[in-house]
Amino acid sequence: NTLRWTITNGACSPSTDELIITRSDVPSTASAGTDQNICAAASTLAGNTPTTGTGIWTLISGAATITTPSSPSSGVTGLASGTNTLRWTITNGACSPSTDEINIIVDAALPTTADAGTDQNICAAASTLAGNAPTVGTGLWTVVSGTVTITTPSSATSAVTSVAVGTHTLRWTITNGACSPSTDELIITRSAVPSTASAG
């Protein structure tokens with residue numbers, strides 16, 4: 001819109017000046033996507049594509065290199081361990097910008113490689129497991145097949161009871177956040193107690 005301000009005085013030539021007023025549309029509402037929990041130091045962003053205005057990614061906290069800051073789906077590298085916060089901002093002219101933030105949580109390291117210990121051949125209905133204690137992550141025993149009771153599933157050296165006669169497979173899994181878990185399996189074979197001997 002152009003407005004003209006005119007000052008007149010009698011027969012003298014008028015003095016004029018013009019003013020241009022430009023009204024911008026409100027920018028699209030920014031959406032940075034859902035928070036991410038990852039194991040790697042790189043990821044892909046998932047902001048919305050603005051229908052009105054232009055968007056730009058900025059780093060708020062943590063560490064990251066944004067490959068293409070103006071792209072809603074930019075790659076991001078160099079993420080630090082822990083929480084990294086990025087902001088997606090959509091602007092249009094003089095209107096207030098619209099912003100939204102995303103947290104990308106990077107787990108520090110891959111979990112310790114799981115070692116369930118050597119297979120066991122037993123005669124009794126109870127035994128003790130011998131998995132490795134994780135230095136990174138947490139461990140958990142699960143029964144893959146067979147019938148046993150694991151006394152303390154989160155303990156690498158848990159007792160097992162109620163071991164039925166036959167073959168049983170147990171799995172020791174070590175996890176750390178979003179990183180791929182490490183697993184190893186142990187086979188426990190319980191033999192039946194032999195019949196009581198009688199020489200006659």
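**Figure 1. Aromatic pairs in the predicted model.** In this predicted model, the count of aromatic pairs comes to 2. One of them is formed by Trp-57 and Trp-88, whose rings lie 4.9 Å centre to centre with 35° between the planes, a tilted arrangement. The pair connects distant parts of the chain, since Trp-57 belongs to strand E5 (residues 54-61) and Trp-88 to strand E8 (residues 82-91), 31 residues apart. Trp-57 and Trp-88 are both buried.

**Figure 2. The pair formed by Trp-141 and Trp-172.** The ring centres of Trp-141 and Trp-172 are 4.9 Å apart and the planes meet at 35°; because planes under 30 degrees apart count as stacked and those over 60 as edge-to-face, the pair is tilted. Trp-141 is found in strand E12 (residues 138-145) and Trp-172 in strand E15 (residues 166-175), so that this pair links distant parts of the chain, 31 residues apart. Trp-141 is buried, as is Trp-172.

**Figure 3. Pairing of strand E9 with strands E3 and E8.** Strand E3 (residues 36-38) and strand E9 (residues 98-106) run parallel and are joined by 3 bridges. Within this pairing, Gln-36 has Ile-104 of E9 as its bridge partner. E8 and E9 run antiparallel, with 9 bridges between them. Trp-88, a member of the tilted pair with Trp-57, has Asp-100 in E9 as its bridge partner. E8 and E9 form a hairpin in which 6 residues lie between the two strands. In the turn, Gly-93 has a positive phi of about 55°.

Figure 4. Pro-72 is located in the loop that lies between strand E6 (65-66) and strand E7 (75-77). Its relative accessible area is 15%; buried means under 20%, so Pro-72 is buried. Apart from neighbours within four places in sequence, Pro-72 is in contact with Leu-45, Ala-46, Gly-47, Asn-48 and Thr-49, and also with Trp-57 and Trp-88. Trp-57 and Trp-88 are the two residues of the aromatic pair that links E5 and E8. The C-alpha atom of Pro-72 is separated by 24 Å from that of Ala-178, which is 106 residues away along the chain.

**Figure 5. Surroundings of Ser-74.** Ser-74 also lies in the loop between E6 and E7. With a relative accessible area of 2%, Ser-74 is buried. When residues up to four places away in sequence are not counted, Ser-74 touches Ser-43, Thr-44, Leu-45, Trp-57, Ile-66, Thr-67, Thr-68 and Pro-69. Leu-45 and Trp-57 are among the contacts of Pro-72 and among those of Ser-74.

**Figure 6. The open sheet E11-E14-E13.** Here 3 strands form an open sheet in the order E11-E14-E13, with antiparallel pairing. Strand E11 (127-128) and strand E13 (149-150) are the edge strands, each of which pairs on one side only. E13 and strand E14 (residues 159-161) are paired in the antiparallel sense over 2 bridges. Ile-150 has Val-160 in E14 as its bridge partner.

**Figure 7. The open sheet E10-E16-E15-E12.** In this sheet, 4 strands are arranged in the order E10-E16-E15-E12; the sheet is open and its pairing is mixed. The edges are formed by strand E10 (120-122) and E12, and each of these pairs on one side only. On average, neighbouring strands of the sheet are turned by 25° against each other, direction ignored. E15 and strand E16 (residues 182-190) pair in the antiparallel sense over 9 bridges. Across this pairing, Arg-171 stands opposite Glu-185 in E16.

**Figure 8. The protein chain as context for the close-up views.** The protein chain has 16 strands and 0 helices. Its radius of gyration is 34 Å, well over the 16 Å that the globule rule gives for 200 residues, so the chain is more spread out than a compact globule. Along the principal axes, the C-alpha atoms fill a box of roughly 145 × 25 × 20 Å. Of the 200 residues, 30% count as buried. Among contacts between residues at least 6 apart in sequence, 56% join residues at least 24 apart. The chain exposes about 11,500 Å², of which carbon and sulfur atoms supply 53%.

Notes
Residues numbered from 1 in each chain as written. Predicted model: local features only at pLDDT ≥ 70, side-chain atom pairs only at ≥ 80, totals over all residues. Heavy atoms only, no water. Phe/Tyr/Trp six-rings, centres within 6.5 Å; stacked < 30°, edge-to-face > 60°. Buried < 20%, exposed > 50% of the residue type's maximum accessible area, 1.4 Å probe, protein only. Pairing = 2+ DSSP bridges. Contact = heavy atoms within 4.5 Å. Axes fitted to C-alpha atoms, helices over the stretch in contact; angles between N-to-C directions. Rg over C-alpha atoms; globule rule 2.2 N^0.38 Å. Areas by Shrake-Rupley, 256 points an atom, 1.4 Å probe, with all protein chains shown as cover.
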